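I opened this model to look up two things and kept short notes. The entries follow the order in which I looked.

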There are 2 protein chains.
Amino acid sequence: MAISIKVIAQLAGVSHSTVSRALRDSPLIPSATAERIKLIAKQHGYSASAVARSLVTKRTQAVGVVVTSIADPFNGEVVDGIEQVANQHGYSVILATSQALPERELMVVRSFQERRVDGIVVASSRLGSHYMSLLSELEVPIVLLNNQHPGMFVHSVSIDNASGTYAATRHLISLGHNRIAYLGDQLGLESDSERFHGFQQAMSEAQLEVPVEFILKGDGKREGAAQACRALLDSGDRPTAIVCYNDMSALGVMDVAANLELSIPLDLSIVGFDDLFFTSALQPPLTTIRQPKKELGVRSMELLLALLKGEAADKHEVLQGELVVRGSTDAPKGRTYQAISAGKNSDTRSS
Amino acid sequence: MAISIKVIAQLAGVSHSTVSRALRDSPLIPSATAERIKLIAKQHGYSASAVARSLVTKRTQAVGVVVTSIADPFNGEVVDGIEQVANQHGYSVILATSQALPERELMVVRSFQERRVDGIVVASSRLGSHYMSLLSELEVPIVLLNNQHPGMFVHSVSIDNASGTYAATRHLISLGHNRIAYLGDQLGLESDSERFHGFQQAMSEAQLEVPVEFILKGDGKREGAAQACRALLDSGDRPTAIVCYNDMSALGVMDVAANLELSIPLDLSIVGFDDLFFTSALQPPLTTIRQPKKELGVRSMELLLALLKGEAADKHEVLQGELVVRGSTDAPKGRTYQAISAGKNSDTRSS
DNA sequence: CTGAAAGCGCTTACAG
DNA sequence: CTGAAAGCGCTTACAG
């Protein structure tokens, strides 16, 4: 059905080589001839076959992008950035989701390989490391976004996890909290341990203890986080603040707090991570670490593009997050009056 | 770099035709030979070239999926459904975003055409109709998700828009509201006029007037919706309830309400549309029409698959939404006591 | 400037 | 069962 270079060659009375050259603006073809051929091509609705071209050029102008799930709003923003840059540079995006299923991960690798994608962006946090080593056998450039597998790959673009939670924890400490919990992820993610590390560092610098019961393991999702923190929040030995692995986890904590009739931030201050678009609409709005999500996608694709051009490129790029203070954090109840009176009454010294 | 059928033919001491057949489990090849060849292929990391295969079979086993933006959480869930079904059936998804830019839409069509995708799912609401007619020239099956261009295409999967807002409006009326506004979209979307129609029908059935000032035009987004409703909500002539085109619009209304210190649902009841995942976490949680988002994606891809197989398929499939009543709707203030006392005190008759 | 030729890596009638 | 041949739609040295 689709018309080929051959038929437009006949129509134009030239060889198909000439048509090919004319259509690709080869300097060999005089512009008059080229225009004539292009016109005929256009009139007949000619569209070059990328697949035929790829066979000879050995380039598909396609990149593979893997995420665990594109329903995850974080991934959506990231992929949006990737896709825009890719498209601007004439690359198509082949999107695959692993759903965190090992068999799906395997299929994705196979599929990328068979399609001969020129490069890959792994834009997801939960891919198994077995999978990663398969990917590395593909012999195409790979960029990891928020790298969870340090050392396995050379190129990555990540958020500065540790500084993020460090800033969040410092913020809580400066409000007067000293009983602060950390609600992490249970999959042993690199990002989780980095975030935990930032938390710990701030705590130890302030010489604050973190009892083991204050270190919770969720799963990065709302329900998992809720389950992970319920017992602690229901106990007499409650923290006054909690630093969460991400916003979805924070949402789970808010659910439990509502359930236990704990007031936020009066009884419990909460900090998230990511700054997903809806966090400012929560009641109270969530204090969180903003990740430049789209930017992460843009930079990853730009890095991949550089690699594709054979340019030497930054190996590991790290972007900074930003603490966004909103209503979910405030001074702990016991210290509220001190803080207020200290502010209103300048002759009162706070401890 | 990638090994070809030819070299494994040499290795196995057979012709490349035999290798091709063995690898594709042709019944012509005895299983012993086939196994031997497969083993060699595996040992040498052979991976068939989808591009070479596509050139001869005229099938790419790839489908194009267009959305305006994959950062939109609604689209994320939809595409997740599409991708899962596609992958299960051996199809890859080429994702393109139009960003509602005409020049991008044009590029997307070109790109799908050059890549010779086997079919297309248009999973987005805001594609220009010029673009749609370009798409229809592609001569591949096209499925429209939440079809905005009735008549232009034969195959679509949609939510029942009118029944959704009809149910939402009935719900408000049954709570005692009679001053109900509709906040729509300004792009002349089919879904918007259908949703408005459902609203209108419920109102006229209840013999309730809808003053023109109560018909607002947003843009389906938070800020646009906020802007569209601010003046009305700030006036003395305020509605007691508002039916929104979608959840993001409802979010904008909530912003304005908070700003004007209107209490929800006491001063204003709000209904959304979509049931995005965060709506249940809002304060108050949002009453909305749930769209089966993933299901819409799944069905669309299944429909496309059927078309690809040449099966006669449903032309226009319509899925039903579901009213999810949450805290953002209640009886209007003036009637609250009546409603309560009518409930508590069975000898009191409400009007 | 232009064309004939070779080749990219496969699939699939066709002949044996 | 197996191989030689043709062909999918391009690009690009090579020769003129």
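Entry 1, a helix over strands. I looked up helix 10 of chain A, residues 222-234, in this predicted model. Helix 10 of chain A lies across strand 6 (180-185), strand 7 and strand 8 of chain A. I noted its direction against strand 7 of chain A as about 150 degrees.

Entry 2, the sheet. I then asked in what order the strands of this sheet of chain A come. I read 7-6-8-9-10-12, six strands in an open sheet with mixed pairing. Strand 7 (215-218) and strand 12 (322-324) of chain A are the edge strands, and each pairs on one side only. On average, neighbouring strands of this sheet are turned by 20 degrees against each other, direction ignored.

Entry 3, one strand pair. I picked strand 8 (residues 241-244) and strand 9 (residues 269-274) of chain A, which run parallel and are joined by three bridges. For A241(A), I found S269(A) as the bridge partner in strand 9 of chain A.

Helix 4 of chain A gives the most, with five residues.

I sorted the residues near DNA strand D into 11 nonpolar, 10 polar and three charged.

Definitions and conventions
Residues are numbered from 1 along each chain as its sequence is written. Chains are lettered from A and ligands numbered from 1 in the order in which they are written. This is a predicted model: local features need pLDDT of at least 70, side-chain atom pairs count only at pLDDT 80 or more; totals for chains, interfaces and linings use all residues. Two strands pair if DSSP finds at least two bridges between them. Helices (H or I, at least four residues) and strands (E, at least two) are DSSP runs, numbered from the N terminus. Axes are lines fitted to C-alpha atoms, for helices over the stretch in contact, and angles run from 0 to 180 degrees between N-to-C directions. Two residues are in contact if their C-beta atoms, placed from the backbone, lie within 7 Å. Ala, Val, Leu, Ile, Met, Phe, Trp, Tyr, Cys and Pro count as nonpolar, Asp, Glu, Lys and Arg as charged, and the others, Gly among them, as polar.
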